[in-house]
Amino acid sequence: MTGKPEQADRAGPCHVAVIMDGNGRWAQMRGRPRLFGHHAGARRVREIVEACPANGVKYLTIFAFSTENWKRTQTEVAGLMKLFRRYIQSEARDLHASGVRVRFIGDRVKLEAKLVTLMDELELLTSGNDRVHLTVAINYGGRDEVTRAAKRLAYEVEQGRLSHKDVDAETLSRFLDTHVLPDPDLVIRTSGEARISNFLLWQSAYSEYEFVDTLWPDFSAEEFGKVIQSYTRRERRYGGVKA
Ligand code: IPE
Ligand code: IPE
Ligand code: MG
């Protein structure tokens, strides 16, 4: 979806997206392998998901693995894929019991079949939930998402189901992985890096950004609450002037 005026009127952010960064450095500081940091990072996720309702956050989107993360060592990539599988298996029941609706975004084609099956099953299991909408980005890249959307859109035109004259921002956004989600109001990145790293490029056109120094495995529900609070003091203009 594009342009969400209803969210501008809200005191708090309806949709928060998080670039969960700093797991490797967290482990390194403890003299442990990077995967140790990823496991610690995964344990944080539940706490932040559970903190959403109290903070008025209906949608939480988390960046778990980017289209660029394949560049890492085979050991780290395989360890992460195994962690995702295990995480889904161990958390599915609790997430469902807590009323969390889980979705995945990103290109599934490159992911191993057993992981994709678990992702599909969790989406189906939680499809009736509405308390918190958790979206997990795996093999996700903003440019890749827009490229895949453009490809599907071009195919629709080629098949004569759509005219090029009808292509506008709204049409394109319907082909994005996030088509059922509102745009993020707030994007948080942990670990002190101030960059987007290919996350939700299209959707975050008017998002507020918060860069915090805390490494992801140390990012607590308390700090999450503080970041949400600081968002409420911001003034969003969407290119207009103060009302
Ligand atoms: C983020 O932590 C998790 C993933 C990208 C999978 P990093 O692994 O990037 O941790 P740092 O940035 O190296 O500390
Ligand atoms: C972004 O973190 C991706 C995820 C958090 C999954 P990276 O650690 O991959 O980003 P860069 O390489 O520092 O830009
Ligand atoms: Mg990183």
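The model is a predicted one, in which local features need pLDDT of at least 70, side-chain atom pairs count only at pLDDT 80 or more, and totals for chains, interfaces and linings use all residues. Residues are numbered from 1 along each chain as its sequence is written, chains are lettered from A and ligands numbered from 1 in the order in which they are written, and side-chain values use heavy atoms, with hydrogens and water left out.

What counts as a pocket here? On a 1 Å grid over the protein atoms alone, a pocket is an open set of points with protein on both sides within 12 Å along at least five of seven lines, a cavity is a set of points where a 1.4 Å probe fits but cannot get out, and lining residues have an atom within 4 Å of a point. The largest pocket holds about 800 Å³ of space, a volume being the space filled by probe spheres set on the points, which are joined across faces, edges and corners. Two or more lining residues come from each of H2, H3, S2, H4, strand S3 (100-105) and strand S4 (132-140); these helices (H or I, at least four residues) and strands (E, at least two) are DSSP runs, numbered from the N terminus. H4 gives the most, with six residues.

Around ligand 1 are residues including Met20, Arg34, His38, Ala64, Asn69, Arg72 and Leu80, each with a heavy atom within 4 Å of the molecule. Helix H2 (23-28) and helix H3 (34-51) each give two or more residues to this shell, and H2 gives the most, with three. The shell divides into three nonpolar, five polar and four charged residues. As for polar contacts (pairs of N or O atoms within 3.5 Å), an oxygen atom of ligand 1 is 2.8 Å from a side-chain N or O atom of Asp21. Taken alone, ligand 1 exposes 370 Å², and the protein buries 86% of that, with areas from the Shrake-Rupley method and a 1.4 Å probe.

Ligand 2 also sits in the largest pocket. Among the residues around ligand 2 are Ile19, Phe63, Phe65 and Asn69, and strand S2 (residues 59-66) supplies the largest share of the shell, three residues. This shell divides into five nonpolar, two polar and four charged residues. Side chains make the contacts listed here: oxygen atoms of ligand 2 lie 2.6 Å from an N or O atom of Ser197, 2.8 Å from a polar atom of Arg195 and 3.2 Å from an N or O atom of Arg189. On its own ligand 2 exposes 390 Å², of which the protein buries 77%.

Key
Polar contact = N/O pair within 3.5 Å; in protein donor to acceptor, adjacent residues only side chain to side chain. Nonpolar A, V, L, I, M, F, W, Y, C, P; charged D, E, K, R; others polar. Sits in = over half its atoms within 2 Å of the grid points.
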